[in-house]
Amino acid sequence: MSEPREPAPEPASPFPLEVRGLTARHADARQDALSGFDLTLTAGKRVAVVGASGSGKTTLAQVLLRFLDVRAGTYTIGGSDATALDGDTVRRSVGLCAQDAHLFDSSIRENLRLARPGASEEDLRGALAAARLLDWADALPDGLDTLVGEHGAQLSGGQRQRLALARALLADFPVLLLDEPAEHLDLATADALTADLLTATEGRTTVLITHRLRGLDAVDEVLVLDEGRTVQRGPCAELAATDGPLRRMLEREHAGDLLRERLVEPAFPGK
C-alpha cells in the first residue's frame, strides 16, 4: 500500500463512505480480485457481502482498510479521496473485527482496554453484555481479571470471537468491518454468534463479510460477489424470493445443514 507524501486532513465525518467502479488486484496476480465494485455506506446502514471463497470478499476488506491500493475507480470517505488519507486515518473510520483477531496473554479487562484505554468499568461491562459475554465473565472466579492465555488459549473459539467483538464495539469505529467473524466455528456456535453480532450492531454502520447466510434478513442490503464482480444486490428477503445466485446459495446451505444434522444423529438399534 502506498501512503501519500502529504496526507489530506481527516474528514469531519466519514459519511457517506462511497466506492465507485472499484477494481483491485493483488501483487503478482494475473487478474483482478475485485472489478467494478460499488458500495455506499451512510450512518447506521448495515450491509452483508457474501460469496464463495475467492469471490473477492477479503479483497474488499483490504481495500476498505487501505491495506491494498485500488487499480481503478474511487474510494471516498466523507467526500475525501481515501488514497489521499494516511492509512491510520482511514482505520480510525473503518475498524476491523476479523476471524483471527489477536488476543494478548493478559486479562479480559486488559484485552478490552486495548480498544479504549480510558474505558470505565461500565463501558467494559456494556461491551461484554452486547457481545453476550457478561454473564460468562461474571461467573468466572476472577471475573474480568481472568487471564485468557496466549492467543486466548484458555477460551473457546466462540468466546474468543465474542471477546474480539466486544473490543471492536468498545472502540466504537464509525464503520465496523466484520470479516468472517464466525469462520472455523461449529455451525450452532457460528449461527448464534452471527445472530448476536447483528443484534449488537443494530444502529451501527456495519459491513459483514461472510459465507454463512443465516440471519442476513437483519441487514439493509446483501451484495453477492462472484469472481470479483457483484452479481446480485438488494434486501435479503427480496433476493431469496427471486431465482438467482443468493437463492441457490441459500438452498445449498440448507441442504448442507440437513445433511450434517443427519450425520450426527445417534443410531438407535432396531430402527
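Which residue takes a positive phi in the hairpin of β4 and β5? The legends below, which describe a predicted model, begin with this hairpin.

**View 1. The hairpin of β4 and β5 has 2 residues between its strands.** Gly78 is the residue that takes a positive phi here, with a value near 55°. Strand β4 covers residues 72-77 and is joined to β5 by 2 bridges. The two strands run antiparallel. Across this pairing, Ile77 stands opposite Ser80, a residue of β5.

**View 2. Four strands form an open sheet in the order β2-β1-β4-β5.** The pairing in this sheet is antiparallel. Strands of a sheet pair through backbone hydrogen bonds, either parallel or antiparallel. The edges are formed by β2 (34-41) and β5 (80-81), each of which pairs on one side only.

**View 3. Strand β1 lies beside β4 in the sheet order and pairs with β4 over 5 bridges.** Strand β1 spans residues 17-24, and its pairing with β4 is antiparallel. Within this pair, Val19 stands opposite Tyr75 of β4. In a regular strand the side chains alternate between the two faces of the sheet.

**View 4. Arg109 is a buried residue of helix α3.** The helix comprises residues 108-113. Arg109 counts as buried because its relative accessibility is 13%, and the limit for burial is under 20%. The side chain of Arg109 makes a polar contact with the side chain of Asp145, at 3.0 Å. When neighbours within four places in sequence are left aside, Arg109 is in contact with Glu121, Leu124, Leu144 and Asp145.

**View 5. Leu259, Leu263 and Val264 form a nonpolar patch on the surface.** Together, the three residues have about 340 Å² of accessible area. Leu259 is placed in helix α9, which runs over residues 245-264. Is Leu259 buried, partly exposed or exposed? Leu259 is partly exposed, because its relative accessible area is 44%, a value between the limits of 20% and 50%.

Technical notes:
Residues are numbered from 1 along each chain as its sequence is written. This is a predicted model: local features need pLDDT of at least 70, side-chain atom pairs count only at pLDDT 80 or more; totals for chains, interfaces and linings use all residues. Side-chain values use heavy atoms; hydrogens and water are left out. Patches are made of residues with over 30% relative accessible area and no salt bridge: like charges are joined within 9 Å, nonpolar side chains (Val, Leu, Ile, Met, Phe, Trp, Tyr) within 5 Å. Accessible areas come from the Shrake-Rupley method with a 1.4 Å probe; for residues, only the protein chains shown count as cover. A salt bridge is a side-chain nitrogen of Lys or Arg within 4 Å of a carboxyl oxygen of Asp or Glu. Buried means under 20% relative accessible area, exposed over 50%, partly exposed in between (1.4 Å probe, protein chains only). A polar contact is a pair of N or O atoms within 3.5 Å; within protein, one must be able to donate a hydrogen and the other to accept it, and residues adjacent in sequence count only if both atoms are side-chain atoms. Contact means heavy atoms within 4.5 Å. Two strands pair if DSSP finds at least two bridges between them.
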